[in-house]
Structure formats: C-alpha cells, structure tokens
Amino acid sequence: MTDIATRADHLEKLLGDPWDPANPAGFAAAVAADEREETAPAAEAALDEFGLHAEFVPRALGGRLERLDDMIELMRSVYRRDAALGLARAGQLLASVNVWTAGRPEQRWAAAELLTDNRRMACAFHELAHGNDIAGNEFAAQRAGSRLTLHGRKESIANLDRADALVLLARTDPADGPRAHSQLFLGADLLDPDRVRRLARFRSVGLRGVHLGGMRVSGLPVPEEVVLGAPGTGVETASRAFQVTRMALPAMSTALLDTALRVTLHHTRRRRLYGRPAAELPMVRTTLAEAFADLLLCEALSRTAARALQLCPESGSVHAPAVKYLVAGVLTDAVQRLSTVMGAEFYRRDGRHAVFQKIARDIRPVGFGHIARAACLSALLPQLPGLLGRARRAPAPAPEALFTAVAELPELDLPGLRLVAGGRDVLAASLGTALDEDLPRSVRPLVEERVRDFVRLCEVGAALRPRELSIAAEVPVRELAARYTVSLAAAACLGVRRAAAAQDFLARPQWLTAVLSRLEGPAGGPSRDLPREVEDALIEELTDRDDRGLSFGLVGRPYA
Amino acid sequence: MTTYGVDQVAPSDLQRWLVERVAEYLPDLGEAVDPTRQLGEYGLDSIAVVAFAADVEEQLGIAVDPTAIWDYPSVGELAEHLAAELAERRPQAA
Ligand SMILES: Cc1cc2nc3c(=O)[nH]c(=O)nc-3n(C[C@H](O)[C@H](O)[C@H](O)COP(=O)(O)OP(=O)(O)OC[C@H]3O[C@@H](n4cnc5c(N)ncnc54)[C@H](O)[C@@H]3O)c2cc1C
C-alpha cells in the first residue's frame, strides 16, 4: 500500500459509513458492542483485512511505519468510530516501541513478523500497587543459572488474554534504584498454565471493549534470551520508547472530539427550538466554535510534537509529556462542554446519538492511562530552568518542516532519543521571534500577550531553586510547567498558520485568533470570548465540512 | 550565565564543584556531601536527578543524561566519568 491519503481512504471504505445503522462496523454496532463490553466483530475484521498492525512496524522491518504524524492520522479513522477499538489496536505500540528501541535484531524481527501477521502483543508494566511509580514495581525476574524465574502480579493489562507475546517490566535487582528493572520480551506460549494464574477481567467505566487482564505468576522459568536490552535498562528503555506513545495516544484521541462535535452538530442543526435550529442559539454556536478551536489546537500541538520527534528528536522528553498534559486536558473539557448543549440527548444509551455518552466515558482515560497528567508535569518541571534559560538566551525561528504535513521527515531514531532535552526545544525558542513575523493585524495583540507571558515565565523559571523541582514540588511551581505547555501549543499554532498553503482555512487569521483566545484558559487564566467575526468563520467552516463529509481536524480529509 | 571553566577537567576540581552543586538539590543537608557515598542515600529522588543532570549538562556544555548519574551514582565516580567525557570532547569543542 502506498501514500497515507490512499491508505486512509482505503481504511475509511473498509470500515464504512459510521452513521448507517445497518453498518456492522458503524456507531450503532460500536454502542451495542460496548453494552456487551466488547468491540464490534465486523470492525475488528475490517482492521485485520487492512493489516492495521503493520502501521506500527518500521519500514526497515517490513512494516508501513515511516512517519509518526501519518500513523496518528490514520489511527484517527479508527478512534473516531470506537476508542476501545482504537486503544486495543494502538496498544500494540506500547509493547512494540520498546522492542524497536532496545531489541536485538532477532527480537525486532520476531515482533515485526507477529504484528504484520495481525497477531497481538501486550505491554505488562502496570501493577495496581504502584500506579505511575513504575520504578517501584515488584514483579521479579530472578537469575537462576542461565534462566530467569518470574514471580509476581501484573494487573489491568490491555489484551493480556489475547496476546501472542508480552513485553514485561520486571525487577532484576532487589536493591532499589533506576537500574533495578529490566524489560522482557516473551512469547505467550512460555506462560505455563501451572505457574501462571489468570486473574478475572478488570471492568471499567469507559473503553469497555478493551479486555483488561491480569496474572499472578509463581516460579515461572524463562530463558535468559527474553531480556530486552542490557540488564538493568528497563526503565531507561521505557523513558525513550514511551516518548512516542505518550504523544501518539492523546494525538489519536483528538478523533473522539471530532466525533463528539459531529454528533453535537448533527443534533443541534436538526433540533428546532423557538422556531429555529438549536445550532443557531448563541450559546450553542459559541460552544461549537470553541470545541472546533480546541480540536485544531490539540492537533496543531500533536502534529508539531510528532514531527519534532523525527526532525529534532532531542526535545522528545519535553514534547511527549507536554502533549499528554495539554491535549488530554483540552479534549476532556471540550467533550464535557459539548455534553451541556446535547442536553438530555447526551444521556441516552439508545437512539441515533447514543455514541456520545460512550465518548464521554471513553475520553477520560486519556488523562490518566499510560501516565497521569500530573506525572507529566513532574517530568517537565526539572527541565524547566534549562529550557527557559536557553529559550530566553537564544530565540530562533523553528524549522518550517515542523508544521506542515507536506514536508518529508528523516527516519525515526528510537535508540537515539534522549532522556533529557538539555534545554533544547526549537518550538519554545521560536516564541521569542513570533513578533518579528508578518502577523495578521487582528491576531497581533493576542500574540503579544502570549509572548509577554512566556517572557514572564522565563524570568520566574530562571529564579527557581533546584530544591523546588523535586517530586514534592509545590502546586504553584508545578503550574509553571503547565504554562510551558500552553506556550508550546501557541508556538505550534503560529507555525501551522504560517506554513499553511495560501488558500487553506489554516492560513486565515480567524482560527489562530480562536485558538490563542482558548489558550488563555488552560493555565493562564479564563479563556476569552471569541469575536463575532471569528465565531462566524469557524461555524461556517465547520458546517461546510460537515456537509461535505470532511474531518474537523487540521487535515480536513474525506470521512466515510 | 555561570559556565564552568572547561579547562578545569581534573577530576578533583570537578568533584569539588559537583559536591557544591549537588548540595543545592538536597533538602535538609547537615554536612558536606561525601563524594564516596551514593547520591540516592542523600534522598536525591528520580525527578531531582533529571534536574541535576540537566544542570550539569548546561554548565559543562556536554551531553549528560540522568543515566550517567544512575551508572556513576557517587560524586567521585561521576567526576571521573565526566572528566573523561570532557577530555574526549575537547578537541571538537574548539
Ligand atoms: C483502559 C486502560 C488500559 C490500560 N492498559 C494498560 C496496559 O496495557 N499495560 C499497562 O501496563 N497498564 C495499563 N493500564 C494501567 C494504567 O497505565 C494505569 O492507570 C496507570 O499506570 C496509572 O496508575 P493509577 O491510575 O493507579 O495512578 P497512581 O499512580 O496511583 O496515581 C494517583 C494520582 O497520584 C498523582 N500522581 C501520580 N504520580 C505522580 C507524579 N509523578 N507526580 C505528581 N502526581 C502524581 C496523580 O494525580 C495520579 O492521578 C491501563 C489502564 C486503563 C484504564
């Protein structure tokens, strides 16, 4: 299969029209499957026919993964129909990125073959007793001659029951410390049922179709070759590899907001109240326009961060937690606000719009699954003094290729990713040059405000004492990290507008005014009202895309 | 900006500087940091290690990942390691 537009169109066709109640892979089927705590079998079959897992396998290993931004955009076709279907599939990435990062050639080929063959891998890191604190994990792999013996529990692991292989985080050194854990990559055939007790399925509020499993392992022998990378590098490998997934999973989840917005538009355009469509009531219009702006800003930040991981990989340790923190927060809030204009229709589990209540539940884990938003701020904070110091000393425009999907990207170098950015973040550094640009007059005051806020942030950041940066950092200090993510989002939106083709909606100033106004909110105070003219432009574009069956995100591509 | 003099690559000088620098990250430190003791014993948590590594990188002008501190967990070992790195990078730095 060839370029991304062709692949995306092909996938859309295989999955069919989601609104068609007779489509076994449509919204109605997804909702019915959710009630059974499953995913729709016809949708699963379509994804297998497409060979979806090959999208997660690097081209050098026979797969179709070349560009993260393309992979994310393609997965939005899956997420927009059913997030459970999306996560169960994208979950293959959680395991495999570790293998691509640290595996020996034969381990990499084994994982690649498994995935291109439509089989599944699970990522067994989590232990209920330790949550985000993975360095506290207890599941043990003890050396006994040339073998390892496994003991312990892993819980709430996606796809554990259907996995053909696992990537597992295990303690290989009883003493605490960052070198105490190793990753293991093992075939599920090694899980001898005499030594491995499967736990009952974990049930969840949202993403009910994702099988969350667990296991208790007592004295399971496995060969030494299952270790992934050098012993003791388990946490380090994850810190590199998860830079991909911590940005990619929230980035794919923007498609949930696309659907929530589409359903809300569908409902409010048809519902007549007081002699006119509900969509024309000022309150409803504003909510729709703001949600559209929120979607564009989430996609602008995620596109820029995903492209940066290939163009300037040194900043991945900053961009990944920034995307997870900001995008997850904005998406969750936006769906919540849309539910208010859906009214009672939001609360229904049947009827044409029942998919909305499912999205409202399914979107929540984007804020805590894989890593908590709060933990992302903890990861950003210690890097702030260096980042802010350098951004202040050396402002420079960011490379244009960061912002436009048209430009080609160098190969993704996972083992080359760093655990810290060393202060280097081309996106943040570009804010200091934003006012030198030819900005449309209408957005200039908003940009000036963002730049002023960033200058203030740099000053405060320079004055931070090292002792304030630990895990015990006070809330107002942690808020600085949140403000940093807002600055990154502003820089990404400015870049996307500048790089857009002249006749594109993204080249117009209105959406930029809207997103910059929205960005006043997340960490810098209340968001401001959109000017009438801006709201009109957004609603016009949104309605037009709805009529033409186009996606509402940055790309505006055909949706089946 | 306080840049560490890159001429001073002697491990002993680096060690003296690191002893002072790391103290800034340690809460409630009564005495000077013992260069032979593991930093973890002083309560330098994983997040603070990231900050310390970034700080040392900034001041020395060479890449310092937190993994350097994981692998050379006392100030003495870290100083030896960084001195070797600095000596290696110096010709390129010019
Ligand atoms: C649908 C779904 C699928 C999943 N699939 C998998 C899977 O395939 N494999 C797997 O290994 N796991 C999986 N998980 C588990 C998931 O990764 C855990 O939810 C996650 O590890 C977080 O743990 P916790 O929610 O218990 O939070 P805890 O770590 O207990 O945190 C509680 C709260 O403490 C605060 N906090 C925690 N850490 C920090 C910090 N560093 N700084 C500041 N505050 C902090 C935050 O407010 C946080 O929300 C899945 C979960 C779900 C819901």
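A: The account below begins with the contact between the chains, follows its charged pairs, and then turns to selected places within each chain.

The model is a predicted one, and local features are described where pLDDT is at least 70. The contact between the chains draws 21 residues from chain A and 20 residues from chain B. Together the two chains bury about 1800 Å², of which 59% lies on carbon and sulfur atoms. On the side of chain B, Glu24(B), Ile47(B) and Trp70(B) provide 32% of the area buried against chain A, more than any other three residues.

Eleven residue pairs, both members at pLDDT 80 or more, are in polar contact between chain B and chain A. Three helices of chain B each give two or more residues to the side that touches chain A: H1 (11-23), H2 (46-60) and H3 (66-71). H2(B) gives the largest share, five residues. Sorted by class, this side of chain B holds twelve nonpolar residues, seven charged residues and one polar residue.

Chain B itself has four helices and zero strands, and its pattern along the sequence is α-α-α-α. Of its 94 residues, 48% count as buried. Among contacts in chain B between residues at least 6 apart in sequence, 57% join residues at least 24 apart.

Side chains of opposite charge can pair when their charged atoms come close. Over all chains the count comes to 63 salt bridges, and between chain B and chain A the count is seven. One of the salt bridges between the chains joins Arg240(A) to Asp65(B), with 3.8 Å between the closest N and O atoms. This distance falls within the 4 Å limit for a salt bridge, so the pair is included. Are the two partners buried or exposed? Arg240(A) has a relative accessible area of 13% and is therefore buried. Asp65(B), at 11%, is likewise buried. Both values lie under the 20% limit for a buried residue.

Two salt bridges within chain A may be set beside that pair. In one, the side chains of Asp294(A) and Arg518(A) meet at 2.8 Å, N to O. Asp294(A) counts as buried at 2% relative accessibility, and Arg518(A) counts as buried at 9%.

In the other, Asp453(A) pairs with Arg483(A), and the closest N and O atoms are 3.2 Å apart. Asp453(A) lies in helix H15 (residues 444-462) of chain A and Arg483(A) in helix H16 (residues 475-499) of chain A; the pair links distant parts of the chain, 30 residues apart. Asp453(A) and Arg483(A) are both buried. Some salt bridges share partners: Arg179(A), Glu236(A), Arg240(A), Arg418(A), Arg424(A), Glu57(B), Asp65(B) and Asp71(B) are joined in this way into one network.

H9(A) is mostly covered, with 26 of its 30 residues buried.

Ser430(A) lies in helix H14 (residues 426-431) of chain A and is buried, with a relative accessible area of 9%. Apart from neighbours within four places in sequence, Ser430(A) contacts Ala396(A), Pro397(A), Ala398(A) and Ala491(A).

Asn132(A), by contrast, is partly exposed, at 45% relative accessible area. Asn132(A) lies in the loop between strand S1 (121-124) and strand S2 (140-144) of chain A. Beyond neighbours within four places in sequence, Asn132(A) is in contact with Ile371(A), Ala372(A) and Ala375(A). A polar atom of the Asn132(A) side chain lies 3.0 Å from the backbone nitrogen of Ala372(A). The C-alpha atoms of Asn132(A) and Gln107(A) are separated by 27 Å, and these residues stand 25 apart along the chain.

Notes: Residues numbered from 1 in each chain as written. Chains lettered and ligands numbered in written order. Heavy atoms only, no water. Contact = heavy atoms within 4.5 Å. Buried area = accessible area lost by both parts, 1.4 Å probe. Polar contact = N/O pair within 3.5 Å; in protein donor to acceptor, adjacent residues only side chain to side chain. Nonpolar A, V, L, I, M, F, W, Y, C, P; charged D, E, K, R; others polar. Buried < 20%, exposed > 50% of the residue type's maximum accessible area, 1.4 Å probe, protein only.
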